[in-house]
Amino acid sequence: MNNQLLITVSRQFGSSGHQIAEILAKELHMPLFDKDDIAQAAKDYGMYTKVMSDSGSSLTNSFLFSLAANMYTLGQNGLSFEQQISMAEEETMRNLAKEGPCIFIGRAADAVFSDFPNRVSFFIHAPLDWRIQRIMNQYDLTEGKAKNMIKQMDKKRASYYSERSDNTWGDSNSYHLSIDSSVLGPNGTAQQLLAFIRARTSK
């Protein structure tokens, strides 16, 4: 399994990262897994966390909500809610990777699969003004609301990553390649990433 190609894509909010990952998946004929896909896979694999009503844990994303709603115990005594969720998510991702070459977007996947020698990790970023325009158009928001959404989502992603990795979210040292998607746009950026993947796998 560790010799298979596995691609991870991290991205700033509004940088077209998901769209770019979809292009990669289509061109490479590889499945793409985002947080919703992982949540569904957790359900399929039967991995749910029982959340006690007095745990004080807040369900801050769809993955947590999906797990909590099904009320299945992992039996990890002594672990916090967040630790159990993290373990369930990582195990789910590794189970998905066992099925063959694939692409993960977000979820600190580069850290989860740091032991994969054929892992290729990307970070997609873009200038704030460019991202604001994209989010304004995508969600029909004012400039101020779009800017606030971007800052909140980037902060959330950075926090999630720091909880699961010793590296820094967005730091180029944490990835094989960081790229500004505003220069070539989603399609052009995807083509550059494809060239990088093919060059790396042809060694």
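The side chains of Arg-94 and Glu-90 form a salt bridge, with an N to O distance of 3.6 Å. The structure is a predicted model, and this pair is counted as a salt bridge because the distance of 3.6 Å lies within the 4 Å limit between a side-chain nitrogen and a carboxyl oxygen.

Arg-94 and Glu-90 both lie in helix α4, 4 residues apart, so about one helical turn separates them. Arg-94 is partly exposed at a relative accessible area of 22%. Glu-90 is also partly exposed, with a relative accessibility of 33%.

In total, the structure contains 6 salt bridges. One of them joins Arg-107 to Glu-89, whose closest N and O atoms are 2.8 Å apart. This pair connects distant parts of the chain: Arg-107 sits in the loop between β3 (102-105) and α5 (109-112), while Glu-89 belongs to helix α4 (residues 81-97), and the two are 18 residues apart. Arg-107 has a relative accessible area of 13%, and Glu-89 has a relative accessibility of 2%. Both residues therefore count as buried, the cut-off being under 20%.

Another salt bridge pairs Arg-131 with Asp-154, again with 2.8 Å between the closest N and O atoms. Here helix α6 (residues 128-139) supplies Arg-131 and helix α7 (residues 143-164) supplies Asp-154; these residues are 23 apart and link distant parts of the chain. Arg-131 and Asp-154 are both buried. Through salt bridges with shared partners, Glu-89, Arg-107, Glu-163 and Arg-164 make up one network.

Which strand is largely enclosed by the rest of the structure? Strand β4 (residues 119-125) is, because 6 of its 7 residues are buried.

Strand β4 pairs with strand β1 (residues 6-11) through 6 bridges, and the two run parallel. In this pairing, Ile-7 is opposite Val-120 of β4. Strand β4 also pairs with strand β5 (residues 177-180), in the parallel sense and over 4 bridges. There, His-125 is opposite Asp-180 of β5.

Conventions
Residues are numbered from 1 along each chain as its sequence is written. This is a predicted model: local features need pLDDT of at least 70, side-chain atom pairs count only at pLDDT 80 or more; totals for chains, interfaces and linings use all residues. Side-chain values use heavy atoms; hydrogens and water are left out. Buried means under 20% relative accessible area, exposed over 50%, partly exposed in between (1.4 Å probe, protein chains only). Two strands pair if DSSP finds at least two bridges between them.
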